Structure formats: structure tokens, C-alpha cells
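Please have the structure open while reading.

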Amino acid sequence: MYIRTGIYFSQSLPASLRQSARRKIPAKFIQWLPKVRFSSGLRVATDADAAPPPSAALERRKEAIRSAKPFSHFLTDKFERRHDYLRISITERCNLRCLYCMPEEGVQLSPPDHLLTTPEIVYLSNLFVSQGVTKIRLTGGEPTVRRDIVPLMQQLGLLRRKGLREICLTTNGISLRHKLGPMLEAGLTGVNLSLDTLDEFQYQVMTRRKGFGAVMKSIEQILELNKAGAGVKLKVNCVVMRGMNDHEITSFVEMTKEKDLEVRFIEYMPFGGNKWNRGKMVSYKEMLDRIRTVYPGIHEVGGHKNDTSRTFQIPGFMGKVGFITSMTDDFCATCNRLRITSDGNLKVCLHGNAEVSLRDIIRRGNDGKPLDEASFSRIAETERQRLSSKVGELKSPIATGWLPQELELLEVIGASVKNKKEKHASLDELEKMDNRPMILIGG
């Protein structure tokens, strides 16, 4: 038996290497790995899973091409951008108070019954996956503070059979290590971890909270699990602010020397309540110039066409360096992202303030009240019975059987996507725009 993730860990490795890898990883982490079913294809395999003959593999590929469905027109905008990446904010709460994310006094939280329930999140995820979404990222607030995040991820993991390929998480890492194992088992494939300084005192200044040590432990835990074949893509996100942490840029780059991760520097962006000041923004070109003075060999490497970052690497370094250049060199032309806020609004652009409520539509059959699983089952069954004779007349795609509501949702989603602008507003306009605080968007 061995665990297959593209890297064989067990019988495919020499005994000395297997023992060495296991010695470096606490036993409580190892126990999770054989159970994983969805993370990067991680699963227990046997000799029966050996690669098929080339002819059989070729036939399967041809069949996949023949049976491929056209991408949903509901998720395709008028600029032919296909939106197959959905970010879902699952809480407005956070255990930090980062300077660039929210006011020091916090934000006015929505009443609990205004927020999406787990069944509602799973329902919407199912709908989007039925239309071609292959990647879902859970954000916040801080998603790990949501008590039922693991059961939620377990239900999202079941969507792999319907076409979902990636389940990712954006987190500050404070509590991650306590839930990482069950998350891996549920299907976690990627973690974007926010860390804006490598100095413990400065960390308290920028986040207004303690927790630096916990974050570093979460990073190390992911790296150790990856050595065992967990296959979690780890990216460390750093928002660079002049006079705050810009002097640490090369220190962050040094992290990539012996660690298999990507450090991504993010240009400081204006959002509600973060006391935006253009003078605090450090452009990616300035950051890159600073890095080149120390590492002149740094060079750009190719990436995915929908990447939000420009990726670089230094010869001999294990990891990579990326730059998210929203303010000085936008990547709107290849944007494939949609967002659902904690209170159920669809937001087609991070830097736009246009939103439409999906929550209100799905709750209409429940007098506007939050839906649990029993409520969904009851309403869905009522609709199926009432419309059973008309199913053959419906021409639009159906996701789960709640027919009229799903069609309405798809029409609303499609209209919003079609209204998405070619690119977000200019920096001058963004400075004056009334937009939510980042924490209420799901950044």
C-alpha cells in the first residue's frame, strides 16, 4: 500500500527515506494522510491502480474530449472571460485587526440570521460547480473561527465527483494547525496564509493582536505534511506598506531559499475603513528593484493564464516569489473570479461596489428565514411534486432539482456576470469609491 499524490510515499521510496520522512513528522499528522480522499488526488492506492496501457489512457482522453460540456454562458461575461473560480466568505469575524483590512474599532457585524448557513453555502457551491466552477476558496473574516468549517469542507469535498478540483483556504494561520488534519481529510488542496512581518513585535503592531508564534507553527506544519506527500499548495501573502514592513521584503524572499512555498507581495489597496494613503503603497516594480539589488538573478517564470500574481524565482531557491499588482498593473483581462460575501451577496469584482443578493432568492420559499437541511428538503420536494409534469419543458441547466429557484438564481448570476466591467476603476477612482471593508468582502 502507498499514498499516491504524484509523489510516492511508502513502498515507492527506499526504506531509509520513508523512515527519515516519518521521523520528521509527528505521528498525529501521519495518521491523517491515509484517510485523505480529495486533497490533490491523495488516496490509498494498490497495485491494481498501476498506470493503464498507453492505448487505454489515450482512449479515455479522447472520450473526455468528446463528452466535454461547453462552459456555462451564465458564468461567461461579455468579454469572454470564464469564471470557474468561486471565493466564498464564510464569516465576518476575525481574531486579528490588521491595519489594511479593518478599522481598529472593528466593523459592524451582520445579524447572525443574515449570514449564510452551511446548507445554503453547500447549495450555492453545488449550483456553481454544476456550471463549471472547478475551484472554491473559503475566506472570511478568518474562516477558521467558524465552528463548523470542517463539516462544511467535508460536504464541499463531495463535489469533487461533480467537477470540483480544488478546495482552498485563505487564513491568518492563528488557529489553522488545530484543524489542518481534518481539513486535509476533507479535501483541502491549497492554503494562502497572511503574514505581513517576520518580527514578532511588529506583528502585534500591524495586527493589533498576538499570535506570531502560532502562525509560524502553522507554516511549518504544512511544510512537514507536504514532505510526506500531502500536496498542499502553500502561499504566504504579505501586504507591503511603506514605513511599516517594506524593509522586510528581502527577509521574506529569504524564506523561499529552503522552503517549498511562494511568498506573494501584495500592493496596498484602498478599502472602507483602512485609512488608505497612497504614500504607503509600494509598487511591485519598486519591490522587484529592491530584491534585485540583493538577488540579481531573480527572473520571471511562467504561470497559469488566470494567475493574479506575477511569479519569479531565484536560481537555487526552492520556493518562488510573486507580486499581486492590482494597483499598478491590473490583471483584469484574465480574471476568472467571483465572490460570495458572508451575507450572501454575489460580487463580481473585488474593487467594484455592485452586489446582488443570492441569499434572498434561496430563502424566499422559507419566508426569508435561514435554511437548514430539513428546510431545503421540504421545499425542494414540494417544488418537484408541483413541477414534475413540466420538467421536460425546461431548457436551462438544472443543478439539484429545486427547479424554478435554480433557474432564477442562474439568471441573476448570469446578469451580474454579464455586467462585469472590462477592468476595475483607476486608482484615483478607487480612492474615492465607497466599498466594503476588506474583511466584509472576503479578501
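This is a predicted model: local features need pLDDT of at least 70, side-chain atom pairs count only at pLDDT 80 or more; totals for chains, interfaces and linings use all residues.

Residues are numbered from 1 along each chain as its sequence is written, and side-chain values use heavy atoms, with hydrogens and water left out.

**Salt bridges**

A salt bridge is taken as a side-chain nitrogen of Lys or Arg within 4 Å of a carboxyl oxygen of Asp or Glu. By this rule there are 13 salt bridges.

| Pair | Closest N to O |
|---|---|
| Arg363 and Glu120 | 2.8 Å |
| Arg364 and Glu408 | 2.8 Å |

Secondary structure elements are DSSP runs numbered from the N terminus, helices (H or I) having at least four residues and strands (E) at least two. Arg363 forms its salt bridge with Glu120. Because Arg363 lies in the loop between helix H11 (359-362) and helix H12 (373-387) while Glu120 lies in helix H4 (residues 118-130), this pair ties together parts that are 243 residues apart in sequence. For accessibility, buried means under 20% relative accessible area, exposed means over 50%, and partly exposed is in between, with a 1.4 Å probe and protein chains only. Both Arg363 and Glu120 are buried.

Arg364 forms a salt bridge with Glu408. This pair also links distant parts of the chain, with Arg364 in the loop between H11 and H12 and Glu408 in helix H13 (residues 403-418), 44 residues apart. Glu408 is partly exposed, at a relative accessible area of 29%.

**Helix packing**

Two packed helices are described by the angle between their axes and the distance between the axes. Here the axes are lines fitted to C-alpha atoms, for helices over the stretch in contact, and angles run from 0 to 180 degrees between N-to-C directions. Angles under 35 degrees count as roughly parallel, over 145 as roughly antiparallel, 65 to 115 as roughly perpendicular and the rest as oblique.

The axes of helix H5 (residues 149-157) and helix H6 (residues 176-186) are 8 Å apart, at an angle of about 15°. H5 is therefore roughly parallel to H6. The crossing of H5 past H6 is right-handed; a crossing has this hand if the near helix is turned clockwise from the far one by less than a right angle, and is left-handed if anticlockwise. With contact meaning heavy atoms within 4.5 Å, Ile149, Val150, Met153, Gln154 and Gly157 in H5 meet Lys179, Pro182, Met183 and Ala186 in H6. By class, this contact has six nonpolar, two polar and one charged residues. Ala, Val, Leu, Ile, Met, Phe, Trp, Tyr, Cys and Pro count as nonpolar, Asp, Glu, Lys and Arg as charged, and the others, Gly among them, as polar.

H4 packs on H5 at about 25°, with the axes 10 Å apart. These two helices are therefore roughly parallel to each other, and H4 passes H5 in a right-handed crossing. Thr118, Ile121, Val122 and Ser125 in H4 meet Leu152, Gln155 and Leu156 in H5. The contact of H4 with H5 has four nonpolar, three polar and no charged residues.

**Two buried loop residues**

Ser283 sits in the loop between strand E9 (262-267) and helix H10 (284-294). Ser283 is buried, at 19% relative accessible area. Leaving aside residues up to four places away in sequence, Ser283 touches Glu267 and Thr328.

Ile314 is in the loop between strand E11 (309-313) and strand E12 (320-324), and is buried at 7% relative accessibility. With the same exclusion of residues up to four places away in sequence, Ile314 touches Val253, Tyr295 and Ile298.

**Backbone geometry**

Most residues other than glycine have a negative phi, and most peptide bonds are trans. Gly140 and Gly141 are joined by a cis peptide bond, with omega about 15°. Gly141 lies in the loop between strand E5 (135-139) and H5.

Glu80 has a positive phi near 65°. Glu80 is in the loop between helix H3 (54-67) and strand E4 (85-89) and is exposed, at 62% relative accessible area. Arg208 also has a positive phi, of about 60°. Arg208 is in the loop between helix H7 (200-207) and helix H8 (212-227) and is partly exposed, at 23%.
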